[in-house]
Amino acid sequence: MLAGITLTLASLWYGKNHGLMPVEASSDAALVDGLFDTMMMIGTAIFLLVWGVLIICLFKFRRKPGDETDGPAIEGNIPLEIVWTAIPVAIVLVLGIYSFDVYNSMGGFDPDAAGDPGVQVAMLSEGGSAMPLMDAGAPKKARHNHMALGIGASPDEIGITPDVTVNVLGMQYAWIFTYPELGITSGELHLPANKNVRLNLKAQDVIHAFWLPEFRIKQDTIPGMESELRFTPTRVGDYPIICAELCGAYHGGMASRLYVQSSEDYDKWVQESMPVVENASQTAADLDKLAGSAEVGKNRSDADYLVSAAHQMGLDPQALEQLHPAMPHDSGLHASL
Ligand SMILES: [Cu+2]
């Protein structure tokens, strides 16, 4: 009994003090960590139980000197087998229900999409028309409902319009953030703290995954299909944005930063980043020149390709430069810009 109490207390303590997770920076993080901590407690208890019994047996049942006899012939034990099957079944069921509940609280189950698998599989064909894969009625519905992939509004957020909406475009090998209401395009994500945020995610070329470890959320970006993330940043600071889907040769470099700011700092950033209208035509002319000269070169560098790709997407050179803030200044990208 003493061993049982010790084992339980040790498991509970380690489940809460493992120190394996980064800081919690969103309202969802505590939910995910609650599940993770529970799994750590159960895992610790099983670890201590199995290794404890093993080590005790090593000493207790050690062969005595001079003992050449066989051990007793044991042929199974039905009650024991029932018990050690039932316990893992109960653990897996409880964890399954618990994780289902966490996913629902985070907004993983979109009621719009429930019972309508056609919406989830409807894809845009190359010609731009909706092409259903499963359900002939999907194209009509797909236009009304947004594509419900990802962590959407949580049950108590349904009907609430997000305070900030940002479009996220994943491309080889950068993230591009556009604020449709403000006309801002940026290579970094800036968000105000304690506001309801919605990200609309798209991919330009191949599948990427938008991962915010400190927020405990991750969502694939898929060509021809929209996905979303809704969350509330709860902690001012800057956090890594990581592509978590092997997307090509420079996948490892596909990183950016998320800056969670106080409302004042965020408003200041918005003011500084708003596009200046007078310079718009000048910028377009610059980009035309850059793209033109890139076409001429026979051996185009990565930077040349990036410039013409950015031109086709209507990005200005400043936004392009922001995409790789960590890049050394003598790189080809900066030279050609
Ligand atoms: Cu990627």
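The protein chain has 10 helices and 13 strands, where helices (H or I, at least four residues) and strands (E, at least two) are DSSP runs, numbered from the N terminus. This is a predicted model, in which local features need pLDDT of at least 70 and side-chain atom pairs count only at pLDDT 80 or more, while totals for chains, interfaces and linings use all residues. Residues are numbered from 1 along each chain as its sequence is written, and side-chain values use heavy atoms, with hydrogens and water left out.

Let's talk about confidence. pLDDT is the predictor's confidence in each residue, from 0 to 100. The protein chain has a mean pLDDT of 80, with 70% of its residues at 70 or more. Residues 114-147 stay under 50, and the model has 45 contacts for them beyond four places in sequence; contact means heavy atoms within 4.5 Å. Residues 326-337 are also below 50 in pLDDT, and that stretch has 16 contacts beyond near neighbours in sequence.

On to the chain as a whole. Of its 337 residues, 36% count as buried, and here buried means under 20% relative accessible area, exposed over 50% and partly exposed in between (1.4 Å probe, protein chains only). Take the contacts between residues at least 6 apart in sequence: 68% of them join residues at least 24 apart.

Rings of Phe, Tyr and Trp (its six-membered ring) pair if their centres lie within 6.5 Å, with planes under 30 degrees apart counted as stacked, over 60 as edge-to-face and the rest as tilted. By this rule there are 10 aromatic pairs. In one of them, Phe177 and Phe210 have ring centres 6.3 Å apart and planes at 75°, so the pair is edge-to-face. Phe177 is in strand β5 and Phe210 in strand β9, 33 residues apart. Phe177 is buried at a relative accessible area of 0%, and Phe210 is buried at 0% as well. Elsewhere, Phe100, Tyr103 and Phe109 form one aromatic cluster.

Last stop: helix α6, residues 263-273. Tyr266, Trp269 and Val270 are buried there. Why are they on the same side of α6? Because they cover an arc of only 100° around the axis, the arc being that of the directions from the helix axis to the C-beta atoms. Their cover includes β4 (164-171), β5 (174-179), β6 (184-186), β7 (189-192) and β13 (255-261). The face turned away from the buried side carries exposed residues: Glu264, Lys268, Gln271 and Glu272.
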